[in-house]
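My notebook is open, and I want to read this fold one step at a time. Join me as I jot down what I look up.

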Amino acid sequence: MAREKEKESRRIVLFVAVASRGQGEKIAAYCAGCGGKIRLVSLGRGTASQDILNYLGLGDSKKDVVFCTASRPAAQKMLEGMRRRFSMENPGEGVAFTVPISSVVGRVSFELLFGEEGMIR
């Protein structure tokens with residue numbers, strides 16, 4: 001059981017969150033606190049026209065997209081935090097999900113993605 005738990009904590013996932021413009025840095029900081037390693041905040045824009053957004057009562061189509069590498073347990077904490085701290089369970093507040101990274105070539109690449117300091121020589 002302990003061996004499986006250790007193996008699970010060594011699996012890498014890509015955490016992705018899409019939120020309103022201006023929330024990206026806050027989400028990235030939260031991810032760092034949960035154990036997220038490499039974080040990137042990118043600007044995004046929704047594809048719906050302003051007429052459709054107005055009709056549906058939705059706001060601006062400008063978004064922040066946050067990408068973060070993390071272990072599976074850390075990513076689970078991030079997903080829970082998106083619901084609690086950033087109200088992503090409410091429609092129109094954003095979306096967050098993870099994508100498994102199935103393979104990484106080379107020890108150095110793995111250490112860079114996983115963020116293990118002091119192991120790269």
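How much accessible surface does the protein chain have, and what share of it belongs to carbon and sulfur atoms? I find about 8,100 Å², with 54% belonging to carbon and sulfur atoms; the areas come from the Shrake-Rupley method with a 1.4 Å probe, and for residues only the protein chains shown count as cover.

A note to myself on the source: this is a predicted model, where local features need pLDDT of at least 70 and side-chain atom pairs count only at pLDDT 80 or more, while totals for chains, interfaces and linings use all residues. Residues are numbered from 1 along each chain as its sequence is written, and side-chain values use heavy atoms, with hydrogens and water left out.

**Entry: the elements.** I looked up five helices and four strands in the protein chain. Both are DSSP runs numbered from the N terminus: helices are H or I with at least four residues, strands E with at least two. From the N terminus on, I read α-β-α-β-α-β-α-β-α.

**Entry: burial.** Of the 121 residues, 29% count as buried (under 20% relative accessible area; exposed is over 50%, partly exposed in between, with a 1.4 Å probe and protein chains only).

**Entry: the sheet.** In which order do the strands of the open sheet stand? I wrote down β2-β3-β1-β4, with antiparallel pairing; two strands pair if DSSP finds at least two bridges between them. Strands β2 (39-45) and β4 (94-100) stand at the edges with a single partner each, so one side of each has no neighbour in the sheet. From one strand to the next, the twist averages 20° (axes are lines fitted to C-alpha atoms, for helices over the stretch in contact, and angles run from 0 to 180 degrees between N-to-C directions).

I then followed β1 (residues 12-20) and β3 (residues 62-71), which pair in the antiparallel sense over nine bridges. I12 has S71 in β3 as its bridge partner.

**Entry: helices on the sheet.** Helix α2 (residues 24-34) packs there and touches β1, β2 and β3, where contact means heavy atoms within 4.5 Å. Its direction makes about 155° with that of β2. Helix α4 (residues 72-84) also packs on the sheet, touching β1, β3 and β4, at about 150° to the direction of β3.

Entry: I found S87 in the loop between α4 and β4. Its phi is near 55°, a positive value in a residue other than glycine. Most residues other than glycine have a negative phi. S87 counts as partly exposed because its relative accessibility is 28%.
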